[in-house]
Amino acid sequence: MSADSAQLTHLLKQTFGYASFRPLQQEIIAATLAGQDVFALLPTGGGKSLCFQLPALARPGLTVVVSPLIALMKDQVDALLSSGVAATFLNSTLDGTEARRRLSGLHRGEYKLLYVAPERLMLDGWAENLKAWNVACLAIDEAHCVSEWGHDFRPEYRQLARLRETLPQVPLMALTATATGRVRADITSHLKLRDPATFIASFNRPNLTYRVVPKDQPLKQIIDFVRKRELESGIVYCASRATAERVAEGLSGRGFSAKPYHAGLTTEERSRHQEQFLRDDTRIICATIAFGMGINKPNVRWIIHHDLPKNIEGYYQETGRAGRDGLPGDCLLLFSAGDIAKQTHFLDEITDEQEQQVARTQLRQIVHYAESAGCRRVELLDYFGETFPISNCGACDNCVEPRDTYDGTVVAQKFLSCVYRIRRASGFSTGLNHVVEVLTGADTDRIRRWGHDQLTTYAIGAELSRPQWAAVGRELMRLGHLTVSEGEFATIELTDSGVALLKDRTAVTLTKPMDLPKARRVVRREGDIACDELLFERLRALRKRLADERQVPAYIIFGDTTLRAMANRYPVTAADMDGIPGMGEKKKAEFAETFAETIADYLKTNSRQSFA
């Protein structure tokens with residue numbers, strides 16, 4: 001079945017309250033309605049869910065959505081029900097009576113969408129159910145879980161290929177927010193997609209700003225950051241459970257609404273803290289990476305990484321949880337050389353050589369990102385094989401406040417010379433840390449055993465500390481003068497350009513290390529909606545009351561984008577609400593008058609502001 005553009009736009013406006021599609025949404029919807037298999041890669045906040053929700057309304061039959069996230073199913077179904085869409089979910093949270101009631105409804109054809117976990121689809125009897133339910137489409141959400149090369153591999157996802165045998169004529173849609181080329185190929189192969197229509201959106205999140213600062217008294221840095229954003233929701237990612245607990249306690253002790261989230265808590269505690277965060281009863285979650293994938297909270301305004309992430313893909317996914325509503329989001333990474341040492345120690349404990357090698361490569365990539373003087377956005381997009389068209393994004397620390405450079409010819413010559421002399425004297429290369437120890441004159445067993453205290457480069461680097469020399473070495477790698485072997489010991493060697501630089505004594509410009517932040521210049525905030533902030537807060541309080549009455553998260557009523565649009569345009573009647581984003585017909589009928597009355601009441605004692 002197909003639907004023309006006008007019909008789809010009408011459905012979008014009527015049901016979800018939006019006048020236009022986001023990039024690639026309409027093309028993806030058209031492809032699946034035409035009966036094609038689809039692979040869609042859209043960044044977090046890019047509107048993946050609409051790509052299967054809207055087609056479900058435009059054609060007869062049931063759309064089955066496979067999701068690994070039990071916590072997320074209820075939220076998505078609640079949001080659909082609030083927009084007037086017949087949707088349901090089946091998972092282990094339901095008692096037997098309720099599960100049977102929903103199954104009966106599915107057999108009677110009462111639903112347009114069913115959310116279900118992959119394990120349930122593989123249970124005995126489910127093949128017969130699917131055949132009986134007039135399934136029109138199978139949508140595999142978080143499809144990167146299929147791939148062993150993905151950042152969140154789930155073995156049970158591999159079994160989904162059996163659905164092709166159960167429903168051979170039903171089009172399949174695989175959706176993900178992050179996947180390298182290798183993962184994309186894996187998804188297509190394992191799900192047995194048939195000549196899929198492939199859509200890959202830009203990985204760029206223009207509404208996010210990125211900053212990396214040296215870690216120095218991290219709890220104080222976090223408190224200073226949060227103090228300027230007390231009414232906003234955010235997530236602090238920590239490398240360990242203990243750190244997550246400590247940061248949550250530190251914030252709570254200073255009056256902030258903060259809770260921990262990690263695998264050491266009971267299931268009940270995790271669920272309670274997550275629910276409090278979703279409902280804006282808790283503003284801050286301090287979490288390990290166990291948290292976030294099941295969070296469909298569009299108004300997370302900031303993300304802080306207390307510790308260095310393990311890889312760029314995870315970092316991108318975690319920062320992507322800010323600003324899903326298209327409004328501005330701030331991403332701050334606290335970085336220290338000590339974090340590199342900690343991560344390296346963990347890597348040394350990995351017994352599988354190939355796994356360890358992959359992890360080392362990923363660690364070098366994220367360290368490169370953290371220390372780079374170049375545009376953060378360029379670096380992130382380059383990892384995913386995308387070229388950012390300009391060199392200055394205007395929305396990261398390096399673009400807004402470029403770091404100073406200096407003549408690094410002498411230190412570069414010393415470092416490269418030390419690498420060269422170690423190799424020539426010993427017949428083998430060593431790791432970065434050993435080169436630094438030779439340069440700084442360390443008295444270690446390996447230096448004495450290998451005779452490296454007899455090298456002419458031994459102790460010639462007293463002008464810099466070990467962390468400073470390590471930073472020089474890593475920058476020479478980024479500049480392509482050194483390379484890291486992919487073997488077991490990750491040794492460093494001169495490249496051809498490094499040999500030429502050493503031989504010709506060419507001038508080298510290096511970047512000064514990051515300083516602690518001073519007063520910051522204003523970063524351009526893409527996606528901001530100027531509005532009457534006092535009215536916005538009043539509307540937010542109304543939304544919270546309505547959500548609490550219905551026992552749903554606040555964004556199920558309206559997102560921040562909708563509230564800010566109201567606080568910009570001042571609609572004082574239900575009719576004035578036409579054109580407000582997110583105001584579908586059902587929500588307009590249920591809520592427009594209440595919000596319009598609140599705005600009219602506000603204007604009795606406050607004047608309208610102009611936002612031209």
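In this predicted model, Asp307 is buried, with a relative accessible area of 9%, a value that falls under the 20% limit for that class.

**Asp307 and its surroundings**
- Asp307 lies in the loop that runs between strand E12 (300-305) and helix H13 (312-319).
- The side chain of Asp307 forms a polar contact, at 3.0 Å, with the side chain of Lys215.
- Leaving aside residues up to four places away in sequence, Asp307 touches Lys215, Tyr237, Cys238, Ala239, Thr243, Leu333, Leu334 and Asp339.

**The six-stranded sheet**
- Six strands make up an open sheet with parallel pairing, in the order E8-E13-E12-E9-E11-E10.
- Strand E8 (208-214) and strand E10 (258-261) stand at the edges with a single partner strand each, so that one side of each has no neighbour in the sheet, while the twist from one strand to the next averages 15 degrees.
- Within this order, strand E9 (residues 233-237) pairs with strand E11 (residues 284-287) in the parallel sense over four bridges, and Gly234 has Ile284 of E11 as its bridge partner.

**The pair H23 and H26**
- Helix H23 (residues 533-550) and helix H26 (residues 585-603) have axes that come within 11 Å and cross at roughly 145 degrees, and the crossing is right-handed.
- The contact involves residues of H23 including Leu535, Leu539, Leu542 and Arg543, and residues of H26 including Glu590, Phe591, Phe595 and Ile599.
- By class, the residues of the contact between H23 and H26 comprise nine nonpolar, two polar and five charged.

Notes: Residues are numbered from 1 along each chain as its sequence is written. This is a predicted model: local features need pLDDT of at least 70, side-chain atom pairs count only at pLDDT 80 or more; totals for chains, interfaces and linings use all residues. Side-chain values use heavy atoms; hydrogens and water are left out. Helices (H or I, at least four residues) and strands (E, at least two) are DSSP runs, numbered from the N terminus. Buried means under 20% relative accessible area, exposed over 50%, partly exposed in between (1.4 Å probe, protein chains only). A polar contact is a pair of N or O atoms within 3.5 Å; within protein, one must be able to donate a hydrogen and the other to accept it, and residues adjacent in sequence count only if both atoms are side-chain atoms. Contact means heavy atoms within 4.5 Å. Two strands pair if DSSP finds at least two bridges between them. Axes are lines fitted to C-alpha atoms, for helices over the stretch in contact, and angles run from 0 to 180 degrees between N-to-C directions. A crossing is left-handed if the near helix is turned anticlockwise from the far one by less than a right angle, and right-handed if clockwise. Ala, Val, Leu, Ile, Met, Phe, Trp, Tyr, Cys and Pro count as nonpolar, Asp, Glu, Lys and Arg as charged, and the others, Gly among them, as polar.
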